[in-house]
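Dear colleague,

Please find the structure below for your files. My notes on what was found in it follow directly after.

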Amino acid sequence: MTSDKLSVEVVKHSLTYISEEMGIALRKSAYSPNIRERADHSCAILDVNGRTIGQAEHIPVHIGSLPLGLRCTLQYLERQGVETRAGDMFIVNDPYIAGTHLNDVTLIRPVFLEDELIGYTANKAHHVDIGGMTPASINSHATELVQEGILLPPVKLMDANKLRNEIVNILATNTRMPEVTLGDLRAQVAANLLGERRLVELVSSVGDEAFQDSCAKMLDQTNELAVAEYRKMPKGDWRGEDCLELDHTLIMIRAEISMTGESVEIDFTGTDPQVQAPLNAVLGVTTAAVTFAVKTLMPADMPLNDGFNRTITVTAPEGTIVNPVKPAPVAGGNLETSQRIVDTVYRAMAEAMPDRIPAASHGSMNNLMLGGVHPETGKTWAFYETIGGGYGGRPRADGVDGVHVNMTNTLNTPIEVMEHYYPIKFEAYRLREGSGGAGEWRGGTGIERILTAKASIRVALLGERCRIQPWGLRGGLPAQPSEYLVRRSNGNISQLKSKDAVLLDVDDTLILRTAGGGGYGDPRRRQPSLVKEDLENQYITEEQAKATYPQVVT
């Protein structure tokens with residue numbers, strides 16, 4: 001049975017709604033602030049061939065890696081002789097299979113209707129702690145994968161609709177907060193089961209044959225829309241490069257972008273080799289970052305599913321920072337290298353599409369990991385969050401102030417939540433004055449977040465753009481770099497590296513100042529009224545105004 005246009009639209013929007021409902025259920029029933037408050041999770045529906053047919057507006061690095069992760073998981077299970085049956089649910093966090101990093105625990109539920117496989121519901125959620133050498137598991141000094149936490153290959157979490165407690169217990173006993181881990185895991189299970197019910201209802205209402213036909217037409221429709229947009233874009237080859245900071249060296253990412261008028265090919269040949277540090281990005285991350293960057297060049301209403309994904313070809317040489325070989329550590333590849341891949345693609349396309357490419361954003365998730373023993377409960381605790389910064393100035397618009405950018409789409413953790421659960425007191429949380437790059441369209445400002453320890457706390461930081469400033473475009477100036485400081489209780493201040501670890505004693509203070517976004521266009525072309533507004537809002541300082549905006553009389 002074939003489907004008409006109306007049926008295709010009903011199926012398309014139903015799949016999106018189901019994915020969104022899964023995400024709501026997961027977030028509302030999760031235990032950790034990282035998921036409950038920051039929404040660090042993603043949900044999607046894939047067809048029997050592992051193609052994305054529905055997804056929620058969640059985390060780009062999660063969503064973009066799910067199709068490859070599902071296909072790798074199914075291939076692994078086939079090699080192991082594991083048969084997929086109704087009532088199964090699989091769990092995996094091996095980055096070289098699932099496609100991100102160990103903290104992102106992936107759950108996959110095969111969905112059956114009358115003994116016929118009709119698709120998969122899947123979700124990823126960032127668990128705050130997954131074991132390893134440091135609280136929150138993202139070890140800025142890791143040199144191999146096993147130092148980053150417990151490693152789970154694809155294994156059945158549910159068999160005949162019953163949780164396998166031996167698997168649950170293995171995971172829980174390898175984390176610093178087992179009750180939180182179990183709460184988040186149950187939330188993930190519930191989300192997949194909800195998605196299964198809704199998917200069965202949808203397919204039952206339209207019929208399996210009509211559903212499969214509608215999905216095929218939906219994917220072809222998206223593909224045609226994407227190709228129509230490519231035909232409007234310039235054709236040719238462009239090159240770009242950007243870098244990551246590691247100790248006293250820089251790691252280069254190099255890309256050649258080929259626009260054919262029908263598709264996009266991205267080749268990372270020439271990118272630096274993988275490193276013994278947690279900045280390696282597995283292929284799933286690299287694919288997700290490229291997909292995101294290309295998608296942002298499209299109209300905002302362009303669907304994102306396999307129909308779009310198939311227009312992009314990624315070449316990432318094995319053994320490089322963008323496609324490492326196991327057991328290279330990868331925690332920061334998911335977080336930081338993904339951001340720099342987007343910047344590299346943007347930089348390559350800046351000459352080809354100057355009216356669509358912004359200046360560089362702050363370019364980091366500014367990962368903060370905290371942990372210790374709570375003085376009141378005596379229990380170990382761990383906390384993780386990412387901190388926003390400035391978005392780059394854009395053609396005809398200023399950059400956005402204090403936001404997450406590119407490969408992350410999370411919220412902040414409210415101060416009240418952190419102070420309630422953890423031995424922390426906040427001194428400040430505000431936009432960072434003067435951090436955005438000057439331009440006809442200024443870059444967005446970074447963030448200043450200052451907290452004081454009320455007990456001994458282990459701190460790990462994994463960030464970027466502390467030495468290399470976010471770049472401007474079309475004459476715009478670079479933004480201020482990130483800056484991480486520790487102020488001891490005796491008043492002494494020391495500067496931390498972009499990848500660092502430190503112990504805070506009682507009354508020691510951690511100061512985090514994130515980078516702004518680069519400016520776009522010649523600052524001398526900025527309207528004086530906008531400069532005056534920036535001064536009034538304390539986005540820039542008077543010294544900056546005098547130095548970079550000579551057209552304004554101050």
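**The largest pocket**

Helix H3 contributes the most to the lining of the largest pocket, with six residues. Helices here (H or I, at least four residues) and strands (E, at least two) are DSSP runs numbered from the N terminus. This is a predicted model, in which local features need pLDDT of at least 70 and side-chain atom pairs count only at pLDDT 80 or more, while totals for chains, interfaces and linings use all residues. Residues are numbered from 1 along each chain as its sequence is written, and side-chain values use heavy atoms, with hydrogens and water left out.

The pocket is lined by 42 residues, and Gln-55, Lys-295, Met-302, Pro-303 and Leu-304 lie nearest its centre. On a 1 Å grid over the protein atoms alone, a pocket is an open set of points where a 1.4 Å probe fits, with protein on both sides within 12 Å along at least five of seven lines; lining residues have an atom within 4 Å of a point. At least two lining residues each come from helix H1 (5-29), S2, H3, helix H8 (283-295), helix H9 (306-309) and strand S11 (312-315).

**The sheet and its helices**

Seven strands make up an open antiparallel sheet in the order S2-S1-S5-S4-S3-S6-S7, where two strands pair if DSSP finds at least two bridges between them. Its edge strands, S2 (52-55) and S7 (162-163), each pair on one side only. Helix H3 (residues 60-79) packs on this sheet, touching S1 (41-46), S2, S3, S4 (104-113) and S5 (116-126); contact means heavy atoms within 4.5 Å. Strands S3 (residues 89-92) and S6 (residues 155-159) are joined by three bridges, and Phe-90 has Lys-156 in S6 as its bridge partner.

**Cysteines**

A search of the whole structure gives zero disulfides (pairs of cysteine sulfur atoms within 2.5 Å). The sulfur of Cys-215 is too far for a bond, because the closest cysteine sulfur, in Cys-43, is 18 Å away. Likewise, the sulfur of Cys-243 lies 12 Å from the closest one, in Cys-466, too far for a bond.

**Backbone points to check**

The peptide bond from Lys-326 to Pro-327 is cis, with omega near 15 degrees. Pro-327 sits in the loop between S11 and helix H10 (331-349). Arg-465, which is not a glycine, has a positive phi of about 60 degrees, and it belongs to the loop between S16 (457-462) and S17 (483-487).

With kind regards

Terms used
Axes fitted to C-alpha atoms, helices over the stretch in contact; angles between N-to-C directions.
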